[in-house]
Amino acid sequence: MAIIGIDLGTTNSLVSVYRDGRVQLLANDLGQYMTPSCVSLLEDSSLAVGTAAKNRLISHPKRTAASFKTWMGTEREISLGDRTFLPHELSALVLKKLLQGVQAALREPVEEAIISVPAYFNDNQRCATKLAAQLAGVPVKRLINEPSAAALYHSYITGQTEAKLMIIDFGGGTLDVSVVDCFEHIIEIVAIAGNNRLGGNDIDRAIAAYFCQETGLDWETLPPDHQAQVLELAETAKIKLSHNPTEACILILRTEKDAHSLSLTASVLREICQPIFEQVRQVISQAIKDSDIPLCDVDDVVLVGGSSQLGVFVDYLEELFFKRPTLADSPEHIVALGVGLCVGIKQRAEELQELVMTDVCPFSLGIATCNTQKDTNPHMATLIPRSTILPARHTAQFITIFPNQRHIKLEVYQGENYYAADNLKLGEITVSVPPDAPGAQGVMVTFAYDINGILAVVAESSGGDKKSTVILNPKLNLSQEELQQVLEKFEQLRLASQVGEEDQLLLDRAKALFAQLTGRYREEAGYLIRQLETAIQSGSLIRLNRERKILKEKLNALEAFAQMDVFHPYIEKNEEEKQNL
């Protein structure tokens with residue numbers, strides 16, 4: 001039984017495995033690593049998936065779909081001829097195609113898959129990805145953020161032991177930016193930001209719009225096959241200018257009546273792309289702000305994803321950062337390779353045992369609350385802020401606002417907006433409370449959010465009513481046994497947040513010194529205690545490791561002072577004087 005990694009991309013999808021001590025990409029039935037994420041309805045009502053479907057984008061645009069990942073998690077219907085599909089259904093067809101190739105290559109059934117998703121996918125979008133996997137017959141327990149997978153592989157392959165990186169994943173339809181802290185064998189995602197509807201496809205459309213503007217064509221009235229041709233011309237020109245920016249590229253659209261042509265240069269392409277690049281800048285800015293790491297402390301900017309290879313994009317980033325970004329090895333493959341490493345970690349490969357990767361919560365999680373009885377538009381009370389290191393656990397209290405209130409309904413939301421209704425509702429739970437005066441009764445609510453994106457909620461009222469549940473998208477069903485396993489994991493999170501044995505020993509040493517010393521030395525011991533406690537509470541393995549290292553050195557110095565024999569210098573001086581006599 002095999003475990004596989006899948007990079008389910010907007011433009012292309014890839015599969016990886018961890019075998020013989022390394023990550024391996026699996027080729028499809030055409031011997032290619034990348035399978036186009038395209039589906040086409042054939043004339044006999046059968047479906048073509050992959051390269052065969054991509055070849056029909058121009059000849060049969062009304063019967064072919066691509067870039068449907070952009071609409072994952074929505075109810076948008078995509079028409080292929082006389083049939084309609086939801087985005088996750090088309091993605092399921094791509095996954096099924098990949099699965100067939102895997103089973104033919106490995107000659108064994110697939111036990112489980114780890115699938116990468118854009119870091120900024122919300123709960124609906126992540127649910128749609130899992131649902132697509134269910135429909136394709138691929139068991140999926142873990143989703144990994146695409147830039148996290150890229151960061152994992154980049155750090156592993158380059159052997160960087162200590163560095164702060166920014167990973168910019170610019171693909172066909174999505175943009176993700178992650179700030180990553182690497183220390184020894186730990187890869188810690190510090191902050192993420194993204195735009196699920198910004199990518200290379202937008203550049204193609206911008207070039208197409210410019211082509212129509214300059215040639216006097218009206219995009220809206222162009223037949224679908226001509227629109228498809230213009231988009232293909234735009235993509236080809238974009239790629240050519242990346243490889244050879246000094247030569248102009250000629251775009252020619254031949255119709256039944258006429259031929260329309262345009263000469264496109266790298267400088268003009270830069271102007272066309274400027275509004276798109278400004279959106280990229282906003283996402284980068286958000287990631288830096290959330291990370292609390294100054295831009296000047298970022299050691300390297302690493303580019304991954306097919307669109308990151310665009311010359312004018314790299315030039316723009318060089319101007320933005322005042323240094324040339326690093327194009328990752330195999331930028332179109334790196335996410336799949338990173339997911340393959342995750343497979344190796346899950347399989348507990350001996351050579352990967354020291355490798356640790358943490359991830360963060362992409363969106364804030366909270367409860368809808370009202371301040372007063374007259375408050376008709378509940379606001380969001382955040383329990384787990386975005387960019388919190390996972391797994392995370394947080395408890396907060398909520399109180400009644402009505403006299404003799406008997407129930408408290410807790411509505412769980414995901415998002416950053418002030419008003420709860422503007423965020424994504426994930427579920428709800430209701431507990432009973434004894435009737436009493438407003439504010440006299442309440443409920444303690446605990447959220448536990450794990451690295452697989454599963455949220456467990458426990459609510460215990462002042463009247464003793466206790467309820468626990470796993471907040472799941474209604475489209476996904478877990479068995480009672482699976483729910484129980486999640487809740488058991490939730491209880492374990494409490495232990496994970498407690499002080500480890502090594503840290504407890506360091507704290508005990510610092511507390512003993514605090515009691516023993518006075519003055520500025522006591523203040524220094526107190527400062528060390530606070531520093532370590534703050535690092536433990538942060539949940540950051542890297543911060544904790546760094547603090548341990550610093551703390552040990554400072555504790556050794558303080559202990560040396562505390563144990564110093566004050567008479568020793570005088571004894572030495574006395575002995576010297578005796579010898580001189």
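Buried residues make up 50% of the 581 residues in the protein chain of this predicted model. The chain's secondary structure comes to 14 helices and 27 strands. Taken along the principal axes, the C-alpha atoms fill a box of roughly 115 × 80 × 50 Å. Among contacts with a separation of 6 or more, 64% are between residues 24 or more positions apart.

- Helix α11 spans residues 501-516 and helix α13 spans residues 541-562; their axes come within 10 Å and cross at roughly 35°.
- The crossing of α11 and α13 is left-handed.
- On the α11 side, the residues that meet α13 are Glu-502, Asp-503, Leu-506, Arg-509, Ala-510, Leu-513 and Gln-516.
- On the α13 side, the residues that meet α11 are Leu-544, Arg-548, Leu-551, Lys-552, Leu-555, Asn-556, Leu-558, Glu-559 and Ala-562.
- The residues of this contact divide into 8 nonpolar, 2 polar and 6 charged.

**Aromatic rings**

- The count of aromatic pairs comes to 6.
- One of the aromatic pairs is formed by Tyr-120 and Phe-363, with 4.7 Å centre to centre and 40° between the planes, and it is tilted.
- Tyr-120 lies in the loop between β10 (110-117) and α3 (123-136), while Phe-363 lies in the loop between β19 (356-358) and β20 (365-369), so this pair ties together parts that are 243 residues apart in sequence.
- Both Tyr-120 and Phe-363 are buried.
- Phe-277 and Phe-313 also pair: their ring centres are 5.5 Å apart and their planes are at 50°, so the pair is tilted.
- Phe-277 is in helix α7 (residues 266-291) and Phe-313 is in helix α8 (residues 311-321), so the pair links distant parts of the chain, 36 residues apart.
- Phe-277 counts as buried because its relative accessibility is 0%, below the 20% cut-off.
- Phe-313 counts as buried too, at 0% relative accessibility.
- Phe-277 and Phe-313 belong to one aromatic cluster with Phe-170 and Tyr-316.

**Charges over rings**

- Arg-76 lies over the face of Trp-71, at 3.9 Å from the ring centre.
- Over the ring of Phe-514 sits the charged end of Arg-522, 4.7 Å from the centre of that ring.

- Thr-10 lies in the loop between β1 (2-8) and β2 (12-19).
- Although Thr-10 lies in a loop, Thr-10 counts as buried because its relative accessibility is 6%.
- Leaving aside neighbours within four places in sequence, Thr-10 is in contact with Ser-37, Ser-67, Lys-69, Thr-70, Gly-172, Gly-173, Thr-174 and Asn-201.
- Leu-175 is placed in strand β13 (residues 175-183).
- With 0% relative accessibility, Leu-175 counts as buried.
- Not counting residues up to four places away in sequence, Leu-175 touches Ile-168, Asp-169, Phe-170, Ala-193, Gly-194, Asn-195, Leu-198, Val-280 and Val-283.
- One of the residues that Leu-175 touches is Phe-170, which is also in the aromatic cluster.
- The C-alpha atoms of Leu-175 and Ala-349 are separated by 31 Å, and these residues are 174 residues apart along the chain.

**Backbone exceptions**

- Most residues other than glycine have a negative phi, and most peptide bonds are trans.
- The peptide bond from Leu-390 to Pro-391 is cis, with omega near 0°.
- Pro-391 is found in the loop between β21 (379-384) and β22 (392-399).
- Asp-20 is not a glycine, yet Asp-20 has a positive phi of about 55°.
- The loop between β2 and β3 (22-26) holds Asp-20.
- Asp-20 is exposed because its relative accessible area is 73%, and exposed means over 50%.
- Arg-348, a residue other than glycine, has a positive phi near 60°.
- Arg-348 has its place in the loop between α9 (334-346) and β19.
- At 70% relative accessibility, Arg-348 counts as exposed.

Technical notes: Residues are numbered from 1 along each chain as its sequence is written. This is a predicted model: local features need pLDDT of at least 70, side-chain atom pairs count only at pLDDT 80 or more; totals for chains, interfaces and linings use all residues. Side-chain values use heavy atoms; hydrogens and water are left out. Axes are lines fitted to C-alpha atoms, for helices over the stretch in contact, and angles run from 0 to 180 degrees between N-to-C directions. Helices (H or I, at least four residues) and strands (E, at least two) are DSSP runs, numbered from the N terminus. A crossing is left-handed if the near helix is turned anticlockwise from the far one by less than a right angle, and right-handed if clockwise. Contact means heavy atoms within 4.5 Å. Ala, Val, Leu, Ile, Met, Phe, Trp, Tyr, Cys and Pro count as nonpolar, Asp, Glu, Lys and Arg as charged, and the others, Gly among them, as polar. Rings of Phe, Tyr and Trp (its six-membered ring) pair if their centres lie within 6.5 Å; planes under 30 degrees apart count as stacked, over 60 as edge-to-face and the rest as tilted. Buried means under 20% relative accessible area, exposed over 50%, partly exposed in between (1.4 Å probe, protein chains only). A charge sits over a ring if NZ of Lys or CZ of Arg is within 6 Å of the ring centre and within 35 degrees of the ring normal.
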